[in-house]
Amino acid sequence: MIKKVHILDLGSLEFDLSYFTWKINIGKMYRFPVYCTLVEHSEGDILIDTGYSLQNARKHYAWEKPMQSEDQSLESQLKLAGKRPEDIKHVILSHLHFDHAGNNHLFKNATFYVQKEEMRHAYVPEPFEAIGYSRETFDVPGLHYEFLNGDYDNFFEGISLVTAPGHAAGLQVPVLDTNELGKLFIDSDVINTKMNLDKRLVGGIHWDSVKSYESILKILELIRKSKGTLFFAHDAEWFQGIKKGADYYT
């Protein structure tokens, strides 16, 4: 069962807002948060995504102007919650873009769970989707991956996985059963910002725009039926108002 849910602040990136709001807001720069989610669980500590590596981002994505203080490194953020990388037993990867799988190398004691379709696209992406994948972040010797196919109810007790392809071919949304927030949907790039939610806007970075839109509708319907809570992937204003680090949800 879920004991605590920590949001770990891993700094920020910046790019043209139209990358989030396809064909809209062209020319407006937007700095957005990057985070991952630590779940203290009866079956062992679980991390949802691993954020970005500052070294990797500076090397391959300097144009996104990465900003990450020492305190915002994943190791430092885990320490706020009383954890070390070696304590993490399971890592659920929403997808394999560099800002969601950038610190996989830290967790050689963990088992990683990713959709099989996502791993295939990460290794051999179409030219138009290749920009999001950095092979050195996920093709790490010594990591143990288990490949998933489709949706899973109670993958771990109180944690379900819902496929939502579009932004990435094998994107999956973890759904956590919490006391405070009900069913908590960790969006993972289906609905990046409140702007996307309000106007049902597809993100500008996508593998398939139609599937992106269908996944938005799928997730929103699940939230409606369950009276759940949505945690946006990259909304700057929203991120300021949530609990982070040592603070947690139950």
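**Note on the predicted model**

1. A233 is buried, with a relative accessible area of 4%, where buried means under 20% relative accessible area, exposed means over 50% and partly exposed lies in between (1.4 Å probe, protein chains only). A233 is found in the loop between strand 11 (229-231) and helix 7; helices (H or I, at least four residues) and strands (E, at least two) are DSSP runs, numbered from the N terminus. Although A233 and D187 are 46 residues apart in sequence, their C-alpha atoms are 5.4 Å apart in space. Leaving aside neighbours within four places in sequence, A233 is in contact (heavy atoms within 4.5 Å) with P33, Y35, D187, S188, D189, I191 and N192.

2. Some remarks on the basis of these values belong here. This is a predicted model, in which local features need pLDDT of at least 70 and side-chain atom pairs count only at pLDDT 80 or more, while totals for chains, interfaces and linings use all residues. Residues are numbered from 1 along each chain as its sequence is written, and side-chain values use heavy atoms, with hydrogens and water left out.

3. The strand pairing can be followed from strand 2 (29-41). Strand 1 (2-16) and strand 2 run antiparallel and are joined by twelve bridges, two strands being paired if DSSP finds at least two bridges between them. Within this pair, H6 stands opposite L38 in strand 2. Strand 2 is also joined to strand 3, again antiparallel, by three bridges, and the bridge partner of V39 in strand 3 is I46. Eleven of the 13 residues of strand 2 are buried, so this strand is largely enclosed by the rest of the structure.

4. Backbone angles deserve a check at the loops beside these strands. Most residues other than glycine have a negative phi. N25, in the loop between strand 1 and strand 2, has a phi near 65 degrees, a positive value in a residue other than glycine. D49 likewise is not a glycine and has a positive phi of about 70 degrees; D49 is found in the loop between strand 3 (45-48) and helix 1 (54-60), and D49 is buried, with a relative accessible area of 4%. In the hairpin of strand 2 and strand 3, which has three residues between the strands, G44 takes a positive phi near 110 degrees.

5. The largest nonpolar core has 63 residues, of which L47, L74, L96, F107, L176 and F231 touch the most other members; a nonpolar core is a set of buried Ala, Val, Leu, Ile, Met, Phe, Trp, Tyr and Cys residues joined through side-chain atoms within 4.5 Å. Strand 1 gives the most to this core, with five residues. A second, separate core of twelve residues includes L13, L17, Y30 and V34. As for L74, leaving aside neighbours within four places in sequence, its contacts are L8, L10, C36, L47, T50, N103, L106 and F107.

6. The structure holds 14 salt bridges, a salt bridge being a side-chain nitrogen of Lys or Arg within 4 Å of a carboxyl oxygen of Asp or Glu. One of them joins the side chains of E136 and K59 (3.4 Å, N to O). E136 lies in helix 4 (residues 135-138) and K59 in helix 1, so the pair ties together parts that are 77 residues apart in sequence. E136 counts as partly exposed at 40% relative accessibility, whereas K59 is exposed, with a relative accessible area of 58%.

7. Another salt bridge is formed by the side chains of E180 and K243 (3.0 Å, N to O). This pair links distant parts of the chain, 63 residues apart, with E180 in the loop between strand 9 (172-178) and strand 10 (182-186) and K243 in the segment after helix 7 (236-240). E180 counts as partly exposed at 39% relative accessibility, and K243 counts as partly exposed at 30%. E86 forms a salt bridge with R84, the closest N and O atoms being 3.4 Å apart, while E14, R31 and K65 are linked in a network of salt bridges.
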